Amino acid sequence: MEPLFAPGMLTFSSGAREALIRNGNNLWEFLDRHTRGDWGEDANEDDRRVNDLAVQHGGRILSAYRLRDGEVLWLHTDTLRYSTLFLLAAEEEES
């Protein structure tokens, strides 16, 4: 299956970078899932619907995946597809 969109430049919050290393998760696997429309086991139905529309008509795209230790990793691609941010859900809740 071909990617549905280009992710742009990849950026990482410090927490996401540390969590990926600590858990031994492969960031490319998450990026591949994200760009092919697998929005993750932690994306709710509204997120899935919004993402599907964003792929077709433009808009931000947000996927949510579980790391090995149970933390939730978000991948957020901006509206113009300039960049994709890897961010822990807990970091967003703290700000």
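In helix α2 (residues 27–35), the buried residues are Phe30, Leu31, Arg33, His34 and Thr35. The model is a predicted one. The cover over these buried residues of α2 includes strand β1 (9–12), helix α1 (14–23) and the strands β2 (61–66), β3 (72–77) and β4 (83–88). At the start of α2, a side-chain oxygen of Asn26 lies within 2.8 Å of the backbone nitrogen of Trp28. Just after α2, Gly37 adopts a positive phi of about 90 degrees.

An open sheet is formed by 4 strands, which follow the order β1-β4-β3-β2 with mixed pairing. Strands β1 and β2 are at the edges, and each of them pairs on one side only. On average, neighbouring strands of the sheet are turned by 20 degrees against each other, direction ignored. Helix α2 packs on this sheet and touches β1, β2, β3 and β4. The direction of α2 makes about 135 degrees with that of β2. Within the sheet, the pairing of β3 with β4 is antiparallel and runs over 5 bridges. Trp74 stands opposite Leu87 of β4.

Trp74 also takes part in the surroundings of Ala89, a residue of helix α4 (residues 89–94). With neighbours within four places in sequence left aside, Ala89 is in contact with Val72 and Trp74. Ala89 has a relative accessible area of 9%, and because this is under 20%, the residue counts as buried. The C-alpha atoms of Ala89 and Gly15 are 9.8 Å apart in space, while the two residues are 74 residues apart in sequence.

Key. Residues numbered from 1 in each chain as written. Predicted model: local features only at pLDDT ≥ 70, side-chain atom pairs only at ≥ 80, totals over all residues. Heavy atoms only, no water. Buried < 20%, exposed > 50% of the residue type's maximum accessible area, 1.4 Å probe, protein only. Helix = DSSP H or I, 4+ residues; strand = E, 2+ residues; numbered from the N terminus. Contact = heavy atoms within 4.5 Å. Polar contact = N/O pair within 3.5 Å; in protein donor to acceptor, adjacent residues only side chain to side chain. Pairing = 2+ DSSP bridges. Axes fitted to C-alpha atoms, helices over the stretch in contact; angles between N-to-C directions.
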